[in-house]
Amino acid sequence: AIALMLGALIIVIISFSYAYMIPKYPRAGGEFTFARVFFGRNAAYVCGWFLIAGYLSIVPLNATWLGIIFDGLFGPVLKFGFHYNVAGFDIYAGEMFIAMFTLLLFGELCIMSVQTAGRLQTFLSLMLAFSVIILTVAAIFSPYVSANNLYPLWGFDRATGIPSSDISGSILSTLVIAPWIFVGFDTVPQAAEELNFPHKKVKFIMITAILFGCFVYVANNTLAAIVFENWPELIAENKYTWLLLNASERLLGLPGEILVGIAVLSAVLTGIMGFYMASSRLIYSMSQDGYLPEFLGRVDPVHRTPKNAIIFCMVLSLSGPVLGREALSWFGDMASVGVSVGFGFTCASTFILAIREKRITTAFTGLLGAVFSCMFLFLQLVPVPGLEGVHLGREAYIMLAVWLVLGVIFFWYQRPAEK
(Lines give C-alpha, C1' and ligand atoms only; values in the text may rest on other atoms or scores of the structure.)
Protein backbone atom coordinates (compact mmCIF):
# COMPACT_ATOMS: atom_id res chain seq x y z
CA ALA A 1 0.00 0.00 0.00
CA ILE A 2 2.88 2.38 0.79
CA ALA A 3 4.52 1.61 -2.56
CA LEU A 4 1.25 2.09 -4.44
CA MET A 5 0.57 5.46 -2.82
CA LEU A 6 4.15 6.63 -3.40
CA GLY A 7 3.88 5.44 -6.99
CA ALA A 8 0.62 7.32 -7.47
CA LEU A 9 2.21 10.51 -6.11
CA ILE A 10 5.16 10.19 -8.50
CA ILE A 11 2.91 9.45 -11.48
CA VAL A 12 0.70 12.46 -10.64
CA ILE A 13 3.83 14.63 -10.79
CA ILE A 14 4.69 13.09 -14.17
CA SER A 15 1.11 13.66 -15.38
CA PHE A 16 1.56 17.43 -14.92
CA SER A 17 3.97 17.33 -17.87
CA TYR A 18 1.39 15.59 -20.05
CA ALA A 19 -1.25 18.12 -19.08
CA TYR A 20 1.15 20.90 -20.09
CA MET A 21 2.19 19.37 -23.43
CA ILE A 22 -1.08 17.95 -24.82
CA PRO A 23 -2.78 21.31 -25.52
CA LYS A 24 0.37 22.50 -27.28
CA TYR A 25 0.78 19.37 -29.47
CA PRO A 26 -2.70 17.80 -29.78
CA ARG A 27 -1.94 15.07 -32.29
CA ALA A 28 -1.60 11.30 -32.30
CA GLY A 29 1.83 10.20 -31.20
CA GLY A 30 1.99 11.97 -27.86
CA GLU A 31 5.39 11.31 -26.32
CA PHE A 32 6.84 10.45 -29.73
CA THR A 33 5.77 13.85 -31.06
CA PHE A 34 7.22 15.66 -28.03
CA ALA A 35 10.55 13.83 -28.43
CA ARG A 36 10.75 14.63 -32.14
CA VAL A 37 10.15 18.34 -31.59
CA PHE A 38 12.65 18.75 -28.76
CA PHE A 39 15.23 15.98 -29.30
CA GLY A 40 15.19 15.15 -33.02
CA ARG A 41 14.42 12.16 -35.23
CA ASN A 42 16.67 9.53 -33.68
CA ALA A 43 15.56 10.24 -30.13
CA ALA A 44 11.93 10.27 -31.25
CA TYR A 45 12.36 6.82 -32.79
CA VAL A 46 13.88 5.46 -29.58
CA CYS A 47 11.04 6.96 -27.55
CA GLY A 48 8.35 5.67 -29.92
CA TRP A 49 9.79 2.18 -30.23
CA PHE A 50 10.08 1.69 -26.47
CA LEU A 51 6.61 3.15 -25.96
CA ILE A 52 5.13 0.70 -28.47
CA ALA A 53 6.68 -2.08 -26.38
CA GLY A 54 5.16 -0.56 -23.25
CA TYR A 55 1.66 -0.13 -24.64
CA LEU A 56 1.56 -3.28 -26.71
CA SER A 57 2.80 -5.49 -23.85
CA ILE A 58 -0.30 -4.64 -21.85
CA VAL A 59 -2.69 -6.08 -24.45
CA PRO A 60 -1.44 -9.72 -24.26
CA LEU A 61 -0.88 -9.24 -20.52
CA ASN A 62 -4.60 -8.60 -20.10
CA ALA A 63 -5.56 -11.42 -22.45
CA THR A 64 -3.70 -14.01 -20.35
CA TRP A 65 -5.90 -13.02 -17.40
CA LEU A 66 -9.03 -14.36 -19.11
CA GLY A 67 -8.13 -17.99 -18.39
CA ILE A 68 -7.54 -17.16 -14.72
CA ILE A 69 -10.92 -15.39 -14.49
CA PHE A 70 -12.82 -18.32 -16.01
CA ASP A 71 -10.93 -20.82 -13.88
CA GLY A 72 -11.69 -18.91 -10.68
CA LEU A 73 -15.39 -18.32 -11.41
CA PHE A 74 -16.42 -21.46 -13.26
CA GLY A 75 -13.74 -24.03 -12.52
CA PRO A 76 -11.61 -25.78 -15.17
CA VAL A 77 -14.17 -25.35 -17.97
CA LEU A 78 -11.49 -24.08 -20.40
CA LYS A 79 -8.94 -26.77 -19.60
CA PHE A 80 -9.64 -28.92 -22.63
CA GLY A 81 -7.91 -29.82 -25.87
CA PHE A 82 -4.15 -30.01 -26.41
CA HIS A 83 -1.97 -28.48 -23.76
CA TYR A 84 1.68 -27.81 -22.97
CA ASN A 85 3.80 -26.32 -20.21
CA VAL A 86 5.59 -22.94 -20.04
CA ALA A 87 7.66 -22.09 -16.94
CA GLY A 88 5.75 -24.59 -14.80
CA PHE A 89 2.23 -23.61 -15.88
CA ASP A 90 -0.02 -25.68 -18.16
CA ILE A 91 -1.59 -23.88 -21.13
CA TYR A 92 -4.74 -25.43 -22.62
CA ALA A 93 -6.31 -25.00 -26.04
CA GLY A 94 -9.56 -23.78 -24.45
CA GLU A 95 -7.82 -20.96 -22.60
CA MET A 96 -5.90 -19.99 -25.72
CA PHE A 97 -9.10 -19.96 -27.78
CA ILE A 98 -11.06 -17.62 -25.47
CA ALA A 99 -8.12 -15.22 -25.16
CA MET A 100 -7.42 -15.15 -28.90
CA PHE A 101 -11.11 -14.74 -29.72
CA THR A 102 -11.35 -11.77 -27.33
CA LEU A 103 -8.23 -10.14 -28.83
CA LEU A 104 -9.61 -10.50 -32.34
CA LEU A 105 -13.13 -9.35 -31.35
CA PHE A 106 -12.02 -6.19 -29.58
CA GLY A 107 -9.44 -5.47 -32.26
CA GLU A 108 -12.21 -5.55 -34.85
CA LEU A 109 -14.34 -3.29 -32.64
CA CYS A 110 -11.50 -0.76 -32.47
CA ILE A 111 -11.26 -0.85 -36.28
CA MET A 112 -14.98 -0.35 -36.82
CA SER A 113 -15.72 2.58 -34.48
CA VAL A 114 -13.77 4.74 -32.05
CA GLN A 115 -17.05 6.07 -30.64
CA THR A 116 -18.53 2.61 -29.95
CA ALA A 117 -15.29 1.44 -28.36
CA GLY A 118 -15.24 4.61 -26.25
CA ARG A 119 -18.81 4.10 -25.01
CA LEU A 120 -18.10 0.47 -24.12
CA GLN A 121 -14.90 1.59 -22.39
CA THR A 122 -16.90 4.05 -20.26
CA PHE A 123 -19.48 1.41 -19.32
CA LEU A 124 -16.84 -1.12 -18.30
CA SER A 125 -14.98 1.52 -16.28
CA LEU A 126 -18.17 2.31 -14.36
CA MET A 127 -18.74 -1.40 -13.70
CA LEU A 128 -15.19 -1.68 -12.36
CA ALA A 129 -15.72 1.32 -10.07
CA PHE A 130 -19.09 0.05 -8.84
CA SER A 131 -17.77 -3.44 -8.03
CA VAL A 132 -14.68 -2.28 -6.14
CA ILE A 133 -16.62 0.29 -4.09
CA ILE A 134 -19.25 -2.29 -3.06
CA LEU A 135 -16.54 -4.77 -2.01
CA THR A 136 -14.74 -2.07 -0.01
CA VAL A 137 -17.92 -1.08 1.82
CA ALA A 138 -18.66 -4.75 2.54
CA ALA A 139 -15.18 -5.19 4.03
CA ILE A 140 -15.66 -2.20 6.34
CA PHE A 141 -18.70 -3.81 7.96
CA SER A 142 -17.59 -7.45 7.80
CA PRO A 143 -17.04 -9.43 11.03
CA TYR A 144 -14.23 -11.34 9.30
CA VAL A 145 -12.09 -8.24 8.88
CA SER A 146 -9.37 -7.49 11.44
CA ALA A 147 -6.30 -5.27 11.32
CA ASN A 148 -4.37 -8.10 12.96
CA ASN A 149 -4.80 -10.12 9.77
CA LEU A 150 -2.47 -7.75 7.92
CA TYR A 151 0.62 -9.16 9.63
CA PRO A 152 3.35 -9.72 8.54
CA LEU A 153 3.32 -6.15 7.24
CA TRP A 154 6.36 -6.50 4.97
CA GLY A 155 5.63 -9.90 3.44
CA PHE A 156 7.38 -13.19 4.06
CA ASP A 157 9.78 -15.71 2.56
CA ARG A 158 7.75 -18.32 0.69
CA ALA A 159 10.38 -21.01 1.18
CA THR A 160 10.69 -20.65 4.96
CA GLY A 161 7.56 -18.72 5.94
CA ILE A 162 9.70 -16.30 7.94
CA PRO A 163 8.31 -12.71 7.97
CA SER A 164 10.41 -10.23 6.02
CA SER A 165 12.19 -7.33 7.67
CA ASP A 166 13.40 -5.86 4.36
CA ILE A 167 11.22 -2.77 4.36
CA SER A 168 13.01 -0.94 1.54
CA GLY A 169 13.08 -4.01 -0.68
CA SER A 170 9.40 -4.69 -0.05
CA ILE A 171 8.46 -1.15 -1.07
CA LEU A 172 10.85 -0.83 -4.02
CA SER A 173 9.85 -4.16 -5.59
CA THR A 174 6.33 -2.76 -6.04
CA LEU A 175 7.25 0.90 -6.57
CA VAL A 176 9.49 0.00 -9.51
CA ILE A 177 6.52 -1.23 -11.55
CA ALA A 178 4.49 1.94 -10.91
CA PRO A 179 4.82 2.94 -14.60
CA TRP A 180 3.02 -0.28 -15.57
CA ILE A 181 0.58 -0.17 -12.65
CA PHE A 182 -0.64 3.35 -13.46
CA VAL A 183 -0.14 3.41 -17.22
CA GLY A 184 -3.25 4.51 -19.07
CA PHE A 185 -3.56 8.17 -18.12
CA ASP A 186 -0.82 8.91 -20.68
CA THR A 187 -2.81 7.43 -23.57
CA VAL A 188 -4.93 10.59 -23.80
CA PRO A 189 -2.57 12.27 -26.34
CA GLN A 190 -2.68 9.19 -28.59
CA ALA A 191 -6.34 9.90 -29.32
CA ALA A 192 -6.17 13.68 -29.07
CA GLU A 193 -6.92 14.06 -32.78
CA GLU A 194 -10.03 11.83 -32.67
CA LEU A 195 -11.70 12.50 -29.32
CA ASN A 196 -13.40 15.84 -28.80
CA PHE A 197 -12.96 17.14 -25.26
CA PRO A 198 -11.68 20.42 -23.81
CA HIS A 199 -7.92 20.27 -23.26
CA LYS A 200 -8.29 22.23 -20.03
CA LYS A 201 -9.87 19.10 -18.54
CA VAL A 202 -6.82 16.92 -19.29
CA LYS A 203 -5.16 17.43 -15.90
CA PHE A 204 -8.36 16.63 -14.01
CA ILE A 205 -9.01 13.50 -16.11
CA MET A 206 -5.46 12.21 -15.61
CA ILE A 207 -5.23 12.84 -11.87
CA THR A 208 -8.67 11.30 -11.32
CA ALA A 209 -7.64 8.19 -13.25
CA ILE A 210 -4.37 7.82 -11.32
CA LEU A 211 -5.94 8.31 -7.89
CA PHE A 212 -8.82 5.96 -8.63
CA GLY A 213 -6.37 3.38 -9.93
CA CYS A 214 -4.43 3.70 -6.67
CA PHE A 215 -7.63 3.18 -4.69
CA VAL A 216 -8.51 0.05 -6.68
CA TYR A 217 -5.07 -1.53 -6.19
CA VAL A 218 -4.79 -0.69 -2.49
CA ALA A 219 -8.37 -1.77 -1.76
CA ASN A 220 -8.07 -5.09 -3.59
CA ASN A 221 -4.65 -6.02 -2.22
CA THR A 222 -5.65 -5.09 1.33
CA LEU A 223 -8.95 -6.92 1.02
CA ALA A 224 -7.18 -10.13 -0.04
CA ALA A 225 -5.18 -10.09 3.21
CA ILE A 226 -7.41 -8.48 5.80
CA VAL A 227 -10.18 -11.11 5.52
CA PHE A 228 -7.90 -14.10 6.26
CA GLU A 229 -5.92 -14.49 9.47
CA ASN A 230 -3.58 -16.96 7.74
CA TRP A 231 -3.09 -15.44 4.27
CA PRO A 232 0.69 -16.11 4.22
CA GLU A 233 0.07 -19.83 4.65
CA LEU A 234 -2.63 -19.82 1.98
CA ILE A 235 -0.22 -18.20 -0.50
CA ALA A 236 2.75 -20.38 0.45
CA GLU A 237 0.68 -23.56 0.08
CA ASN A 238 -0.94 -22.35 -3.17
CA LYS A 239 -4.27 -23.27 -1.61
CA TYR A 240 -6.03 -20.51 -3.52
CA THR A 241 -5.05 -19.51 -7.04
CA TRP A 242 -6.85 -16.20 -6.67
CA LEU A 243 -6.92 -15.02 -3.07
CA LEU A 244 -9.02 -11.89 -3.74
CA LEU A 245 -11.80 -14.04 -5.21
CA ASN A 246 -11.91 -16.23 -2.11
CA ALA A 247 -11.79 -13.20 0.19
CA SER A 248 -14.77 -11.68 -1.63
CA GLU A 249 -16.65 -14.95 -1.42
CA ARG A 250 -16.08 -14.96 2.34
CA LEU A 251 -17.39 -11.40 2.57
CA LEU A 252 -20.54 -11.67 0.45
CA GLY A 253 -20.84 -15.25 -0.74
CA LEU A 254 -21.62 -15.78 -4.43
CA PRO A 255 -22.41 -12.06 -5.04
CA GLY A 256 -18.87 -11.27 -3.83
CA GLU A 257 -17.37 -13.64 -6.38
CA ILE A 258 -19.54 -12.13 -9.11
CA LEU A 259 -18.45 -8.61 -8.17
CA VAL A 260 -14.77 -9.59 -8.37
CA GLY A 261 -15.41 -11.28 -11.70
CA ILE A 262 -17.08 -8.15 -13.06
CA ALA A 263 -14.31 -5.90 -11.72
CA VAL A 264 -11.40 -7.90 -13.10
CA LEU A 265 -13.11 -8.67 -16.42
CA SER A 266 -13.90 -4.96 -16.84
CA ALA A 267 -10.28 -4.07 -16.07
CA VAL A 268 -9.01 -6.66 -18.55
CA LEU A 269 -11.32 -5.60 -21.41
CA THR A 270 -10.73 -1.86 -20.89
CA GLY A 271 -6.99 -2.61 -20.89
CA ILE A 272 -7.21 -4.50 -24.18
CA MET A 273 -9.26 -1.78 -25.89
CA GLY A 274 -7.44 1.18 -24.43
CA PHE A 275 -4.01 -0.07 -25.38
CA TYR A 276 -5.10 -1.29 -28.79
CA MET A 277 -6.08 2.34 -29.37
CA ALA A 278 -2.93 3.83 -27.82
CA SER A 279 -0.40 1.51 -29.51
CA SER A 280 -2.10 1.61 -32.93
CA ARG A 281 -2.27 5.44 -32.92
CA LEU A 282 1.38 5.63 -31.96
CA ILE A 283 2.35 3.19 -34.73
CA TYR A 284 0.16 5.14 -37.18
CA SER A 285 1.82 8.42 -36.21
CA MET A 286 5.34 6.98 -36.55
CA SER A 287 4.45 5.53 -39.94
CA GLN A 288 2.98 8.84 -41.14
CA ASP A 289 6.26 10.54 -40.25
CA GLY A 290 8.36 7.91 -42.05
CA TYR A 291 9.71 6.05 -39.03
CA LEU A 292 7.85 2.80 -39.73
CA PRO A 293 6.70 1.12 -42.97
CA GLU A 294 4.14 3.10 -44.95
CA PHE A 295 1.41 0.44 -44.88
CA LEU A 296 1.10 0.83 -41.09
CA GLY A 297 -0.02 4.42 -41.58
CA ARG A 298 -2.97 3.69 -43.85
CA VAL A 299 -6.45 4.63 -42.67
CA ASP A 300 -9.51 2.48 -43.34
CA PRO A 301 -11.52 4.32 -46.04
CA VAL A 302 -14.87 3.48 -44.41
CA HIS A 303 -14.25 3.69 -40.66
CA ARG A 304 -11.39 6.24 -40.75
CA THR A 305 -9.31 4.27 -38.23
CA PRO A 306 -5.67 3.08 -38.59
CA LYS A 307 -6.74 -0.43 -39.61
CA ASN A 308 -3.33 -1.87 -40.53
CA ALA A 309 -1.74 -0.62 -37.31
CA ILE A 310 -4.52 -2.25 -35.27
CA ILE A 311 -4.12 -5.53 -37.17
CA PHE A 312 -0.36 -5.38 -36.53
CA CYS A 313 -1.08 -4.97 -32.80
CA MET A 314 -3.58 -7.84 -32.89
CA VAL A 315 -1.07 -10.21 -34.47
CA LEU A 316 1.68 -9.42 -31.96
CA SER A 317 -0.76 -9.63 -29.06
CA LEU A 318 -1.65 -13.23 -29.91
CA SER A 319 1.69 -14.18 -28.33
CA GLY A 320 0.14 -13.68 -24.87
CA PRO A 321 -2.28 -16.64 -24.98
CA VAL A 322 0.50 -18.84 -26.43
CA LEU A 323 2.90 -18.04 -23.56
CA GLY A 324 0.25 -18.32 -20.84
CA ARG A 325 -0.12 -17.15 -17.27
CA GLU A 326 3.57 -16.98 -16.38
CA ALA A 327 4.04 -14.41 -19.14
CA LEU A 328 2.07 -11.89 -17.04
CA SER A 329 5.20 -10.78 -15.20
CA TRP A 330 7.31 -10.76 -18.38
CA PHE A 331 4.90 -8.49 -20.23
CA GLY A 332 4.52 -6.35 -17.10
CA ASP A 333 8.29 -5.82 -16.94
CA MET A 334 8.42 -4.91 -20.63
CA ALA A 335 5.58 -2.46 -20.16
CA SER A 336 7.31 -0.78 -17.22
CA VAL A 337 10.50 -0.19 -19.21
CA GLY A 338 8.72 1.09 -22.32
CA VAL A 339 6.43 3.43 -20.45
CA SER A 340 9.28 4.78 -18.30
CA VAL A 341 11.09 5.86 -21.48
CA GLY A 342 7.97 7.67 -22.68
CA PHE A 343 7.56 9.37 -19.31
CA GLY A 344 11.18 10.51 -19.38
CA PHE A 345 11.00 12.09 -22.83
CA THR A 346 7.72 13.85 -22.02
CA CYS A 347 9.02 15.32 -18.77
CA ALA A 348 12.33 16.36 -20.35
CA SER A 349 10.45 18.04 -23.23
CA THR A 350 8.27 19.84 -20.71
CA PHE A 351 11.33 21.08 -18.86
CA ILE A 352 12.86 22.53 -22.05
CA LEU A 353 9.64 24.21 -23.19
CA ALA A 354 8.80 25.55 -19.73
CA ILE A 355 12.28 27.10 -19.41
CA ARG A 356 11.76 28.81 -22.77
CA GLU A 357 8.37 30.12 -21.65
CA LYS A 358 9.70 31.04 -18.18
CA ARG A 359 7.23 28.73 -16.43
CA ILE A 360 9.44 27.92 -13.43
CA THR A 361 6.99 25.72 -11.51
CA THR A 362 6.23 23.67 -14.61
CA ALA A 363 9.93 23.38 -15.38
CA PHE A 364 10.56 22.08 -11.87
CA THR A 365 7.85 19.40 -12.07
CA GLY A 366 9.13 18.43 -15.52
CA LEU A 367 12.66 18.03 -14.20
CA LEU A 368 11.40 16.09 -11.18
CA GLY A 369 9.37 13.80 -13.47
CA ALA A 370 12.42 13.16 -15.65
CA VAL A 371 14.49 12.23 -12.58
CA PHE A 372 11.79 9.82 -11.39
CA SER A 373 11.60 8.26 -14.87
CA CYS A 374 15.37 7.68 -14.87
CA MET A 375 15.07 6.19 -11.38
CA PHE A 376 12.45 3.71 -12.61
CA LEU A 377 14.63 2.71 -15.56
CA PHE A 378 17.73 2.27 -13.39
CA LEU A 379 15.94 0.05 -10.87
CA GLN A 380 14.34 -2.00 -13.66
CA LEU A 381 17.45 -2.55 -15.78
CA VAL A 382 20.40 -2.57 -13.35
CA PRO A 383 20.73 -5.40 -10.79
CA VAL A 384 21.44 -3.80 -7.42
CA PRO A 385 22.93 -5.96 -4.62
CA GLY A 386 20.35 -6.46 -1.90
CA LEU A 387 17.44 -5.64 -4.22
CA GLU A 388 17.32 -8.87 -6.20
CA GLY A 389 13.54 -8.84 -6.64
CA VAL A 390 13.41 -5.35 -8.13
CA HIS A 391 15.06 -5.58 -11.58
CA LEU A 392 13.75 -7.44 -14.63
CA GLY A 393 13.58 -11.20 -14.73
CA ARG A 394 15.65 -13.21 -17.22
CA GLU A 395 12.76 -13.74 -19.66
CA ALA A 396 11.96 -10.01 -19.67
CA TYR A 397 15.61 -9.22 -20.48
CA ILE A 398 15.40 -11.64 -23.43
CA MET A 399 12.15 -10.12 -24.68
CA LEU A 400 13.64 -6.64 -24.36
CA ALA A 401 16.74 -7.70 -26.32
CA VAL A 402 14.58 -9.15 -29.11
CA TRP A 403 12.54 -5.95 -29.24
CA LEU A 404 15.72 -3.85 -29.46
CA VAL A 405 17.01 -5.98 -32.36
CA LEU A 406 13.70 -5.55 -34.19
CA GLY A 407 13.89 -1.82 -33.53
CA VAL A 408 17.34 -1.59 -35.08
CA ILE A 409 16.15 -3.54 -38.15
CA PHE A 410 13.15 -1.25 -38.63
CA PHE A 411 15.33 1.82 -38.10
CA TRP A 412 17.88 0.90 -40.78
CA TYR A 413 15.17 -0.28 -43.16
CA GLN A 414 13.35 3.02 -42.91
CA ARG A 415 16.37 5.32 -43.22
CA PRO A 416 15.89 5.80 -47.00
CA ALA A 417 12.31 6.86 -46.29
CA GLU A 418 13.27 9.78 -44.08
CA LYS A 419 11.26 12.91 -44.77
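**Salt bridges and their surroundings**

Analyst: K79 and E95 join their side chains in a salt bridge, with N and O 3.0 Å apart. The two residues belong to distant parts of the chain, 16 residues apart: K79 is in the loop between α4 (65–74) and β1 (83–86), and E95 is in helix α5 (residues 93–112). K79 counts as partly exposed, because its relative accessibility is 34%. E95 counts as buried, because its relative accessibility is 16% and the cut-off for buried is under 20%. These values come from a predicted model.

The structure holds seven salt bridges. Another of them is formed by the side chains of D289 and R36, with an N to O distance of 2.3 Å. D289 lies in the loop between α12 (254–288) and α13 (307–317), while R36 is in helix α2 (residues 31–39), so this pair ties together parts that are 253 residues apart in sequence. D289 counts as buried at 15% relative accessibility, whereas R36 is partly exposed, with a relative accessible area of 25%.

R298 and E294 also form a salt bridge, and their closest N and O atoms are 2.9 Å apart. Here R298 is partly exposed, at a relative accessible area of 43%, and E294 is exposed, at 52%.

Next, the nonpolar interior. In soluble globular proteins, nonpolar side chains tend to be buried together. In this model the largest nonpolar core has 114 residues, and I14, I52 and Y276 have the most contacts inside it. Helix α3 (residues 41–63) gives the most to this core, with 15 residues. Leaving out residues up to four places away in sequence, I14 touches F185, F343, C347, G369, S373 and F376. There is also a second, separate core of seven residues, which includes M21, F38, L353 and A354.

Helix α15 spans residues 327–356, a range that takes in F343 and C347 from the contacts of I14 as well as L353 and A354 from the second core. α15 is mostly covered, with 24 of its 30 residues buried. From its first C-alpha to its last, α15 reaches 44 Å, close to the 44 Å expected at 1.5 Å a residue. After α15 comes K358, whose phi is positive, near 60 degrees.

How values were computed
Residues numbered from 1 in each chain as written. Predicted model: local features only at pLDDT ≥ 70, side-chain atom pairs only at ≥ 80, totals over all residues. Heavy atoms only, no water. Helix = DSSP H or I, 4+ residues; strand = E, 2+ residues; numbered from the N terminus. Expected span 1.5 Å × (residues − 1). Buried < 20%, exposed > 50% of the residue type's maximum accessible area, 1.4 Å probe, protein only. Salt bridge = Lys/Arg side-chain N within 4 Å of Asp/Glu carboxyl O. Core = buried A, V, L, I, M, F, W, Y, C linked by side-chain atoms within 4.5 Å. Contact = heavy atoms within 4.5 Å.
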